[in-house]
Amino acid sequence: MRDVEKTLENIYSHVVKQNRGEHEFHQAVKEVIETLGPVLRKHPEYADQKIIERICEPERQIIFRVPWMDDRGEVHINRGFRVGFNSALGPYKGGLRFHPSVYLGIIKFLGFEQTFKNALSGMPIGGAKGGADFDPKGKSDNEVMRFCQSYMTELFRHIGEMTDVPAGDIGVGAREIGYLFGQYKRITNRYESGVLTGKSPQWGGALVRREATGYGAVFFAQEMLKARGLSIEGKTCIVSGSGNVAIYAIEKLQQLGAKVVACSDSSGVIFHKSGLDLATIKQLKEVERKRISDYVELHPDAQFHPDGVIWDIPCDIAFPCATQNELDASSAKTLLANGCIAVSEGANMPVTPDGVRLFIEAGISYGPGKAANAGGVATSALEMQQNASRDTWSFEHTEVRLQEIMRNIHTNCYETAKEYGYPNNYVVGANIVGFKRVAEAMLAFGLI
Ligand code: NAP
């Protein structure tokens, strides 16, 4: 017993030493390793073959210069990344993030999480992540286009529909995917639809991909509540962020009869007691690319709090859908004190480890991002299927598939947590299911 704990401790210390300063990566690794003791005891072959050590080391990491020129003729240099973490279950798959905070540690934490999430989705895809420390905010369409073209001019040689299939993430939406795909097509002389997902449905994209992560996080919450004999209808919810994931989480919640009273962006929080008007948010964010503060000009009965903490607003269910570590222990305490019964993570690692501990100790339904936001990548895999067969599925058919996938993920996490003696602990369930799927494939392939 002690041996297993010691092995896990040593693995973690080695990861910290080998990847200095990459705090988000350390955090993601620790959270997984902490839950794997029972698996190693059942499967000593994983330890013998050093499966965890191998999973913690990305298969490949590419870092490159991205030079581009702004509208005034000034030259800028950004840093681009693509980390192929694990391809045991299929081609590398994971989004691209364009945000000034991006550095190797963020890309590695995301790629590591993605490996387990993709395994958990049941789809034949490996794990990866990429991006750049470029800020699309405040840039013209032409500047974003030039940046994307320069980024793809290096990236194209590392990706392909059978090798590595990027998609969007923070700062990379339909516009950026369009420019990236255009440049890939131009320099490779191939109309290779399956090389990127999150494409517009007019040229090879899947219906429901845009909605999938937000809808999926709500479907996951629905399953967690159902397991306790509860439902989403009539519940008061808050959703952080106002980007792709947040908007479609709000949409699905409203369709299911919940009231969503708050959302945010990095400039502050909107509180609208009678319920958010989604059409206004879509117009501001998807069309005009404005700040969320402009919402109150159209809805004077709503409030904007520039320094507000969204988690101070009382709710039944919280959906963190903005970014990593946005909900700390103090906010977790406030949510619990206000009677919150469930948290479903649309974002990746939005709750700090102390926050997660409090939710689990309190016994509320807590859905970690690996499970709760897997709907996005799962629908990307459906997009790859449609591209491979040159087919297009209807919105209704695709949404039913997404809902089935989220239901299966929930069942697998729920049952596995119970089997290993941690009932209702979706963190343990998600980590073990994802890890075992990757580990079994790695064992089958031998030492590669
Ligand atoms: P997005 O469309 O760019 O929206 C991100 C939202 O979060 C924006 O409202 C943004 O506000 C806010 N935000 C970002 N960084 C922030 C910070 N440091 N502090 C406060 N607010 C911040 O991105 P997204 O695709 O919705 O992604 C959101 C989260 O979901 C990320 O964790 C991402 O990794 C995860 N995720 C996304 C997908 C997907 O399919 N898109 C799938 C799985 C997981 P500003 O505009 O003011 O920056």
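Trainee: Which residues of α10 are buried?
Mentor: They are V245, A246, I247, Y248, A249, I250, E251, K252 and L253. Buried means under 20% relative accessible area, exposed means over 50%, and partly exposed is in between, using a 1.4 Å probe and protein chains only. Before we go on, this is a predicted model, where local features need pLDDT of at least 70, side-chain atom pairs count only at pLDDT 80 or more, and totals for chains, interfaces and linings use all residues. Residues are numbered from 1 along each chain as its sequence is written, and side-chain values use heavy atoms, with hydrogens and water left out.

Trainee: Ok, and how many residues does α10 have?
Mentor: Helix α10 has 12 residues, 244-255. From first C-alpha to last it reaches 17 Å, close to the 16 Å expected at 1.5 Å a residue. The expected span is 1.5 Å times one less than the number of residues. As for the names, helices (H or I, at least four residues) and strands (E, at least two) are DSSP runs, numbered from the N terminus.

Trainee: Why is α10 described as largely enclosed?
Mentor: Because nine of its 12 residues are buried, the rest of the structure largely encloses it.

Trainee: What covers those buried residues?
Mentor: The cover includes the helices α9 (209-226), α11 (278-287) and α17 (395-419). The strands β6 (236-239), β7 (259-265) and β10 (317-319) are also among the elements covering them.

Trainee: And what comes just after α10?
Mentor: G257, which takes a positive phi of about 90°.

Trainee: You mentioned α11. At what angle do α10 and α11 pack?
Mentor: At about 165°, with their axes 11 Å apart. Axes here are lines fitted to C-alpha atoms, for helices over the stretch in contact, and angles run from 0 to 180 degrees between N-to-C directions. So α10 is roughly antiparallel to α11, a label for angles over 145 degrees; under 35 is roughly parallel, 65 to 115 roughly perpendicular and the rest oblique.

Trainee: Which residues make that contact?
Mentor: From α10 it's I247, Y248, I250, E251 and Q254, and from α11 it's L278, I281, K282, K285 and E286. Contact means heavy atoms within 4.5 Å. By class, there are five nonpolar, one polar and four charged residues. Ala, Val, Leu, Ile, Met, Phe, Trp, Tyr, Cys and Pro count as nonpolar, Asp, Glu, Lys and Arg as charged, and the others, Gly among them, as polar.

Trainee: What about α9 and α16, how do their axes cross?
Mentor: The axes of α9 and α16 (residues 375-388) come within 7 Å and cross at roughly 150°. That makes α9 roughly antiparallel to α16. On the α9 side the contact is made by R209, A212 and T213, and on the α16 side by G375, G376, V377, T379, S380 and E383. In class terms, that's two nonpolar, five polar and two charged residues.

Trainee: Switching topic: where is I51 found?
Mentor: I51 is in helix α5, residues 51-56. I51 is buried, at a relative accessible area of 0%. Not counting residues up to four places away in sequence, I51 touches Y46, F435, A439, M442 and L443.

Trainee: How far apart in space are I51 and V245?
Mentor: They're 33 Å apart, C-alpha to C-alpha, and 194 residues apart in sequence.

Trainee: And S365, is that buried or exposed?
Mentor: S365 is buried, with a relative accessible area of 1%. You'll find S365 in strand β12, residues 365-367. Leaving out residues up to four places away, S365 touches M224, R228, I341, A342 and V343.

Trainee: Where does R390 sit?
Mentor: R390 is in the loop between α16 and α17. R390 has a positive phi of about 50° although it isn't a glycine. With a relative accessible area of 74%, R390 is exposed.

Trainee: What about N325, which loop is that in?
Mentor: N325 is in the loop between β10 and α13 (329-337). N325 also has a positive phi, about 55°, without being a glycine. At 32% relative accessibility, N325 counts as partly exposed.
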